[in-house]
Amino acid sequence: MIKVTHVTKTYDDGKVRVEALRGINVEIKNGEFTAIVGPSGSGKTTLLNIIGGLDTPTEGNVIIGETNIAQLSENQLIDFRLNHIGFVFQSYNLIPVLTAKENVEFLMLLQNKSEAERDERTTKLLKAVGLEDQINKKPNEMSGGQQQRVAVARALASKPDFILADEPTANLDSASTANLLDIMYRLNQEENMTFVFSTHDQRVIDRAKRVITVEDGKILSDIYT
Amino acid sequence: MSFWDKQPYITFVPFVMLFKLAWRNIFRNKRRSIITVSSIIFAVIFAVFMRSLQYGAYGNMLKNIVSSYLGYIQVHKQGFWTEKTLDNSFSPEDITYLLDHENIGYLSYRIEGFALASKDDNSKPVALLGLDVQQEKNRLGLDKKVVQGEYFTNRKTGILVGIGLRDIMSLRLGDSIIFLSQGYQGSMASGSYPIIGFIDLKTPELNKRTVIMDLAQAQEFFAMPNMVTTAVLGLKNDNWEETQQEVIARVDTNQLEVLNWNEMLPELQQLIAVDKAGGLFVLFILYSIITFSLFGTVLMLTEERSFEYGVLIAVGMAKNKVIIVAILETILMAITGIIAGLAFAFPVVLYFNIYPINLSGQMQEVVEKYGFEALIPTSLDPSIALSHAGIIFFIVLVVNMYTIVKIKRLEPIKAMRR
Ligand SMILES: Nc1ncnc2c1ncn2[C@@H]1O[C@H](COP(=O)(O)OP(=O)(O)OP(=O)(O)O)[C@@H](O)[C@H]1O
Ligand SMILES: [Mg+2]
């Protein structure tokens with residue numbers, strides 16, 4: 001469970017002051033499949049970064065499970081991200097020198113998981129995203145859609161509490177988009193994995209079970225479909 | 001369950017992965033990596049060869065000095081070295097107690113005087129040396145330098161003459177030479193001595209003006225019984241610096257002076273000092289270039305990789321581990337370059353150890369003037385190679401401080417913003 005209370009974020013570089021978030025209150029329960037939508041510059045990325053512990057709120061709290069992540073030190077936060085949060089990025093951001101299999105295995109190595117557990121989970125996840133025949137390919141040998149599916153498998157590998165995805169389909173063609181959404185949706189249905197993603201894409205919005213609309217740093221509407 | 005899984009605090013498995021990442025990163029920009037490694041190889045070869053040559057030269061010089069006429073340390077009457085007159089002489093009895101010193105094996109006494117040598121109507125000024133012929137035979141191997149006639153084996157009378165003087169004065173074995181000189185305390189010295197042999201002291205300078213006789217005969221000639229001008233200390237080991245200090249502490253320095261080879265050969269010492277400084281300057285330039293080029297590499301690497309470092313930190317990789325990956329990349333290149341450099345340098349250094357380089361120019365002149373061979377075998381001292389490998393490794397660590405600071409300060413969302 002993610003609990004965001006009274007979160008504001010103001011960017012102030014001395015010259016320009018931008019109030020990216022102006023009092024966000026929202027709760028996301030385990031098992032949700034939630035889209036955050038809104039016009040460009042409305043604060044979607046900022047909100048996801050703050051929920052994911054990549055950025056800190058100016059005011060307010062973000063409580064994940066039992067932990068108020070606004071109070072963690074930098075190193076604690078990194079460790080928290082490793083063990084509790086999965087990330088999928090718009091531009092995939094796989095490690096270029098590692099194969100698909102190694103990319104998925106990577107976070108489990110950081111978690112000191114046993115080789116047997118790593119192998120089993122990597123195989124299972126790559127199969128779940130339909131890439132069991134691509135395990136030894138490097139990112140630059142795969143299509144964008146394939147890379148993003150590896151990224152989803154990587155995000156799941158560390159057994160996070162939820163997965164955050166900032167515009168995961170923005171760089172994908174429609175077939176890959178549909179394919180990725182199918183996979184995410186299935187993981188949500190079958191494994192009860194929580195997904196929170198931002199998007200501009202109406203086809204993606206249509207698949208969400210909950211749509212939170214942000215505008216000008218505030219929540220405009222919050223609709224369960 | 002593997003062994004490592006029961007040892008959660010031992011992070012061996014991640015280390016293998018960090019190593020793998022660093023290793024593969026090296027091959028991402030092969031050209032740059034090759035340039036980096038080659039520059040290290042070049043630096044190692046150059047530095048090691050240059051220093052081996054220099055230290056080989058100094059080492060050889062020292063070796064020459066031990067076995068040279070001068071020896072490591074000499075004792076004279078105070079003032080003799082600046083004013084070489086027979087009046088600046090002393091009695092051997094004044095210093096025999098020095099034999100108690102554990103590093104002094106023997107004392108070899110000399111009279112070093114000058115005389116005018118005449119044969120028929122031919123006269124030349126010569127250095128007339130009265131030596132302990134038995135002692136110097138063992139120490140200098142003087143007997144082996146006799147090219148004609150014989151050494152003082154069965155006799156202590158007669159003289160050995162340098163081959164240069166022989167040629168100038170057209171001398172033959174058995175000829176007698178008349179010497180004229182001022183003796184001790186203003187007395188008149190003269191005498192006639194037969195030539196028992198001709199000696200080749202290896203340098204034209206010495207060969208032209210050296211005449212050697214037994215010490216006792218010289219004392220008689222100069223009318224200074226029981227007096228000598230010089231005592232050479234025969235050292236058991238090469239630790240001359242310490243020995244000199246201890247000898248100075250034991251003798252009456254108002255009466256006697258204790259000089260080491262450095263002090264007696266200021267010219268040679270200066271030459272070594274200049275040479276060493278020159279060597280250091282060249283090394284300084286070399287290492288400055290290497291430092292800048294490595295820093296350039298590190299700078300480029302850190303900039304290029306900062307997006308990836310941002311991703312790694314975002315997904316939960318501890319900054320210390322990211323730092324290890326980042327600096328391992330250049331460290332691995334450095335190790336490769338250092339090992340390859342040493343591998344190339346070794347045969348070169350070994351070759352010039354076996355087939356020494358012949359000195360030329362000013363260095364050759366000075367060195368030969370003091371009776372040393374003008375050959376320099378390279379030094380095989382492994383500490384030269386190790387110290388330069390160490391310096392390069394240290395430079396790599398230092399330039400990597402930039403990477404460490406950069407990563408410590410890195411904010412993932414900023415780094416991931418293209
Ligand atoms: N580091 C920053 N410094 C200053 N202003 C920032 C910074 N990051 C974001 N902003 C501003 O905060 C506001 C919200 O930005 P944000 O990236 O969250 O919007 P977004 O909804 O993700 O937009 P898009 O749909 O274009 O991705 C914008 O006005 C943006 O210019
Ligand atoms: Mg955005």
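Across the interface of chain A and chain B of this predicted model, the rule finds 3 salt bridges, a salt bridge being a side-chain nitrogen of Lys or Arg within 4 Å of a carboxyl oxygen of Asp or Glu. One of them joins Glu102(A) to Lys20(B), with the closest N and O atoms 3.1 Å apart.

On the side of chain A that touches chain B, two or more residues each come from helix H2 (74–84), helix H3 (100–110) and helix H4 (115–128) of chain A, with helices (H or I, at least four residues) and strands (E, at least two) taken as DSSP runs numbered from the N terminus. H3(A) gives the most to this side, with 5 residues. In total, 28 residues of chain A are in contact with 28 residues of chain B, where contact means heavy atoms within 4.5 Å. The two chains bury about 2,300 Å² between them, 67% of it on carbon and sulfur atoms; buried area is the accessible area (1.4 Å probe) that two parts lose on being put together, summed over both.

A search of the whole structure finds 6 cavities of 30 Å³ or more, a cavity being, on a 1 Å grid over the protein atoms alone, a set of points where a 1.4 Å probe fits but cannot get out, whereas a pocket is an open set with protein on both sides within 12 Å along at least five of seven lines, and lining residues have an atom within 4 Å of a point. The largest cavity has a volume of about 50 Å³, and its lining includes Ile95(A) and Val97(A) together with Leu21(B) and Tyr309(B). H9(B) contributes the largest share of that lining, 3 residues.

The second largest pocket has a volume of about 750 Å³. Of the 33 residues that line this pocket, the closest to its centre are Thr45(A), Thr46(A), Asn49(A), Asp166(A) and Ile413(B). H1(A) gives the most to the lining of the pocket, with 5 residues.

Residues are numbered from 1 along each chain as its sequence is written, and chains are lettered from A in the order in which they are written. Local features need pLDDT of at least 70, side-chain atom pairs count only at pLDDT 80 or more, and totals for chains, interfaces and linings use all residues, while side-chain values use heavy atoms, with hydrogens and water left out.

Key
Grid points are joined across faces, edges and corners, and a volume is the space filled by probe spheres set on the points.
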